[in-house]
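Hi,

Here is the structure I promised to pass on. Have a look at it first, and my notes come after.

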Amino acid sequence: MKGSPIRLKQKLSPKAAAAKAARDLAMAKTPARRLKKKQNQAIGQRSDSDLHHTGSGIKRVSIKNNRGNFGKGTKKEG
């Protein structure tokens, strides 16, 4: 299997896949999401961290902390 195991393709019927694609596109084009994309592009992404948009601004978080749920682990994450 090529690529990251995180991005496994969902097994959806063609009708369900088309509906999901339409929902995903509509969500990506909301004003709030477009603003976050604009901010991310202005700041620039680095390979060692992710950007978190909080109510008070943008915070750069290490990938280790982000993927590990900030030390709480991911088993009970919902």
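Below is what I found in it.

This is a predicted model: local features need pLDDT of at least 70, side-chain atom pairs count only at pLDDT 80 or more, and totals for chains, interfaces and linings use all residues. Residues are numbered from 1 along each chain as its sequence is written, and side-chain values use heavy atoms, leaving out hydrogens and water.

Starting with the overall layout, the protein chain has three helices and two strands, in the order α-α-β-β-α along the sequence. (Helices, H or I with at least four residues, and strands, E with at least two, are DSSP runs numbered from the N terminus.) Of the 78 residues, 5% are buried (buried is under 20% relative accessible area, exposed over 50%, partly exposed in between, with a 1.4 Å probe and protein chains only). Among contacts with a separation of 6 or more, residues 24 or more positions apart account for 0% (contact means heavy atoms within 4.5 Å).

Now two spots to look at. Asp 50 sits in strand S1 (residues 49-54). Asp 50 counts as buried because its relative accessibility is 15%. Beyond its neighbours within four places in sequence, Asp 50 touches Gln 45, Lys 59, Arg 60, Val 61, Ile 63, Asn 66 and Arg 67.

The other spot is Lys 29, in the loop between helix H1 (14-28) and helix H2 (31-43). With a relative accessible area of 47%, Lys 29 is partly exposed.

Cheers
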